[in-house]
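Have the model open while you read, and take the points in order.

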Amino acid sequence: MLRKSMMIDPRDSVAMVLEDSQKGDVIRTPRGEITLLEDVEFAHKVAVEPLKKGQPVIKYQEEIGYMLEDAPAGTWIHNHNMGCDRGKVRGAKI
Amino acid sequence: MKFMGYRRPDGRVGVRNYLAIIPSVFCANKTVEKIAAQIPGSVPLRHPVGCAQVGLDLELTARTLKAMGTHPNVGAVLVVGLGCERFPPRELYEAVIASGKPAEVLVIQEEGGTTNTITRGVELGKKLMEQVNAMQREPCDVSELIIATKCGGTDATSGLAANPVVGNMVDRIVAEGGSGILSELNELLGTEKMLMKRAVSPEVAEKVRDSIYEIEDLLQSSLDNSLGAKRNELISPGNFAGGVSSVVEKALGGVHKSGTSPIVDVLPYATAPEKGKHGLFLMDYESHDGEVVTGMIGCGAQIVAFTTGRGNPTGHPLAPVIKVTGNYKTYQSMKENFDFDASPVISEARPVEELGAELFDMVLRVANYEHTTAEQIGGDELFCIGRRHGYHKKDPAELLACHES
């Protein structure tokens, strides 16, 4: 099923789904059609490109965290697979 | 552009006209409450502090209570003290008198107990209320308005809809010569470079960076303690559930509520800007909803724009709080707690500028007379006084070494 989504900037590496969506649903993004690999709730993020462990995740054209594991496009991106050390680790860049 | 406000003897302008009954220490809370219950239209400012504090912590209490007493939304003040507290009730009374407002002070240990103080307090309070009721609104310029901005219960819609709409409204206030305040510095981690670029001078840019780094240092010091090891998330379970995955993602959405205006200065907690200085300010404090809102009101903000994706019922006893959401589900389920629905930015792709203009109109209506949902409910939870225990300010060079090594 085609689901509503949006990207804040077409150069970001994640899109947001604008309705509760299920595995197998499709979102249409400036980066092409992406098939969701798992259920994703309203306002949560989906990778629009394959992301490598350690790679920064980009939203608002800024780094919002770094990947804790590899993830193909269509993966739900959240705190289970994305880390951020600002405020926790001295000298952390992200 | 004009609105109808209350011009105070010190020249500042209020949008409400309260008799504030203020305990100088928590021990006077019940007495204050019982006096206020007998004087319709008066506002009791209950709080838990004023006893056994030292240094900066005690100074924040003193500064905040004086800022509440001299706030332009307040017409007159009755101070009630116990008599042995560290923040002397007469210091508060004298600060209010110096601002030119009518005020009275009572001390429970001098009056001979609770009942005598209540009887005398009601007598004095009713006389003050007569003076408050005689005060009239007059045309005042929008440049006199200071709008505090706050996110509470953020979700991923806040950064897309509610915060940009509030930011657009703040830009409109600033364009009219008025002011806005951004704070919650622990939730601005990752935005310091963009905020520094918006500073009006290199000196203000350094103040922006140093204050954000200092809060980050404070956070890291708290997490260094192993007792807190299981409580080390920097954003809330509600933020995570709402699709926000890190403090930096929250910051990048949150910073939108400040609009695009230049940052003219960084204000300490509950401290008014220099006379004649207008525009967008950053206030140096973290994001406890009540403490940060009270601090910004202490800086002189007469109205608060509060964005929440998850929903929030709170209000402040001295200032109207306008609740804005970008989440259509939350708006539907908690309508009674909202004043403004910004969700059409997402659901109908309505331009942020259009909704920003509508919110600006609402701010003026609230400044004139309109009561917010939190005022209708009687919400007063956001009156909380900022605290600071045992933290020693680091040298800016030392902070830089920690953060940019």
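How many residues of chain A are in contact with chain B, and how many of chain B with chain A?

1. Keep in mind that this is a predicted model. In it, 22 residues of chain A are in contact with 25 residues of chain B.

2. Look next at what chain A brings to that contact. Strand β8 (residues 62–67) of chain A gives the largest share of the side that touches chain B, with 3 residues. By type, the residues on that side of chain A split into 9 nonpolar, 6 polar and 7 charged.

3. Strand β8 of chain A also belongs to an open sheet of 3 strands, in the order β7-β8-β10, with antiparallel pairing. β7 (56–59) and β10 (82–83) of chain A each have a single partner strand, so each is left with one side that has no neighbour in the sheet.

4. Zoom in on one pair here: β8(A) and β10(A) run antiparallel and are joined by 2 bridges. Y66(A) has G83(A), in β10(A), as its bridge partner.

5. What from chain B lies across β7 and β8 of chain A? That is helix α10 (residues 247–254) of chain B, which runs at about 165° to β8(A).

6. Chain B has an open sheet of 3 strands as well, ordered β2-β1-β7 and paired antiparallel. Its edge strands are β2 (13–14) and β7 (138–141) of chain B, and each pairs on one side only.

7. Within that sheet, strand β1 (residues 2–7) of chain B is joined to β7(B) by 4 bridges, and the two run antiparallel. For a landmark, find M4(B): opposite it, in β7(B), stands P139(B).

Key. Residues are numbered from 1 along each chain as its sequence is written. Chains are lettered from A and ligands numbered from 1 in the order in which they are written. This is a predicted model: local features need pLDDT of at least 70, side-chain atom pairs count only at pLDDT 80 or more; totals for chains, interfaces and linings use all residues. Two residues are in contact if their C-beta atoms, placed from the backbone, lie within 7 Å. Ala, Val, Leu, Ile, Met, Phe, Trp, Tyr, Cys and Pro count as nonpolar, Asp, Glu, Lys and Arg as charged, and the others, Gly among them, as polar. Two strands pair if DSSP finds at least two bridges between them. Axes are lines fitted to C-alpha atoms, for helices over the stretch in contact, and angles run from 0 to 180 degrees between N-to-C directions.
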